[in-house]
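The following account leads through one protein chain, from its overall architecture to selected local features. Please keep the sequence and the coordinates at hand while reading.

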Amino acid sequence: KEALSLFALMEIVFLADEPHWASTIGEFVFNEWADIFADYDINSVAETTENLLDGYLNRDSYPLTLVARTKPSADFPSEFIGTVSLEPRDMTIRDGIYSPWITMMFVSPKWRGKHFSLFLMNKILEIVSNLKIETLYLWTERQQTLYQKFGFKTIEDVEYLGHSCSIMMINPNQAKICL
């Protein structure tokens, strides 16, 4: 019940529709995963933001990025809650093996613990299903249990840039809706 009342405060939009969020996303995700971005020769918040604006402004093809934000009002502007992306490649050690990937699942520290990641995942899975994608991948260090709730299964455990990770997959049409 709490999750649904919090959802009433939030909207999930495409970065393509509100590109002014790119710098906010760039700052949060670069600071969270700088070593991963470096593997793609992206070495700053500015480069991360530029990469988002150059390639992630899609709605019905990927790469694309979603933004969770509070609903604006006359008294308060929108506030960034989180983001998630869909892209053709992630994890350079598996280029050409798995695609597409859910990437950059991030919830701002202020909003963590309030189930916003569930809303972001539900929305990206809905989009993926509409795109007729049959298999979807992600990798995670610590959130296997979260993703298993949706039906993701671990297919491989790997070391990547000094991180012990699980690569997980799902058929989006068999995903479970979680709230």
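The chain has 5 helices and 7 strands, where helices (H or I, at least four residues) and strands (E, at least two) are DSSP runs numbered from the N terminus. Along the sequence these elements follow the pattern α-β-α-α-β-β-β-α-β-α-β-β. The radius of gyration, taken over C-alpha atoms, is 16 Å, close to the 16 Å that the globule rule gives for 179 residues, so the chain is as compact as a globular protein of that length. The globule rule itself is 2.2 Å times the number of residues to the power 0.38. Along its principal axes the C-alpha trace spans about 50 × 35 × 30 Å.

This is a predicted model, in which local features need pLDDT of at least 70 and side-chain atom pairs count only at pLDDT 80 or more, while totals for chains, interfaces and linings use all residues. Residues are numbered from 1 along each chain as its sequence is written, and side-chain values use heavy atoms, with hydrogens and water left out.

Several totals describe the chain as a whole. Of its 179 residues, 47% count as buried; buried means under 20% relative accessible area, exposed means over 50%, and partly exposed lies in between (1.4 Å probe, protein chains only). Contact means heavy atoms within 4.5 Å, and among contacts between residues at least 6 apart in sequence, 64% join residues at least 24 apart. The chain exposes about 9100 Å², of which carbon and sulfur atoms supply 50%; accessible areas come from the Shrake-Rupley method with a 1.4 Å probe, and for residues only the protein chains shown count as cover. The charges comprise 15 positive and 24 negative ones, and their mean positions are 11 Å apart. In this count Lys and Arg are positive and Asp and Glu negative, with His and the chain ends not counted; the place of a charge is NZ of Lys, CZ of Arg, CG of Asp or CD of Glu.

An α-helix has 3.6 residues a turn, so residues three or four places apart point the same way.

Most residues other than glycine have a negative phi, and most peptide bonds are trans. The peptide bond from Y62 to P63, however, is cis, with omega near 15 degrees, and P63 lies in the loop between helix 3 and strand 2. A cis peptide bond also joins S99 and P100, with omega about -5 degrees; P100 is placed in the loop between strand 3 (80-87) and strand 4. M104 counts as buried at 11% relative accessibility. L161 likewise has a positive phi, near 50 degrees, and is found in the loop between strand 6 (153-160) and strand 7 (163-170). With a relative accessible area of 39%, L161 is partly exposed.

Which residues bring together parts of the chain that are separated in sequence? K71, in the loop between strand 2 and strand 3, has its C-alpha atom 9.3 Å from that of I12, 59 residues apart along the chain. Leaving aside residues up to four places away in sequence, K71 touches A8, L9, M10, E11 and S78. S129, in helix 4 (residues 116-130), is partly exposed at 23% relative accessibility. The C-alpha atoms of S129 and A175, 46 residues apart along the chain, are separated by 9.3 Å. Apart from neighbours within four places in sequence, S129 is in contact with P172 and N173.
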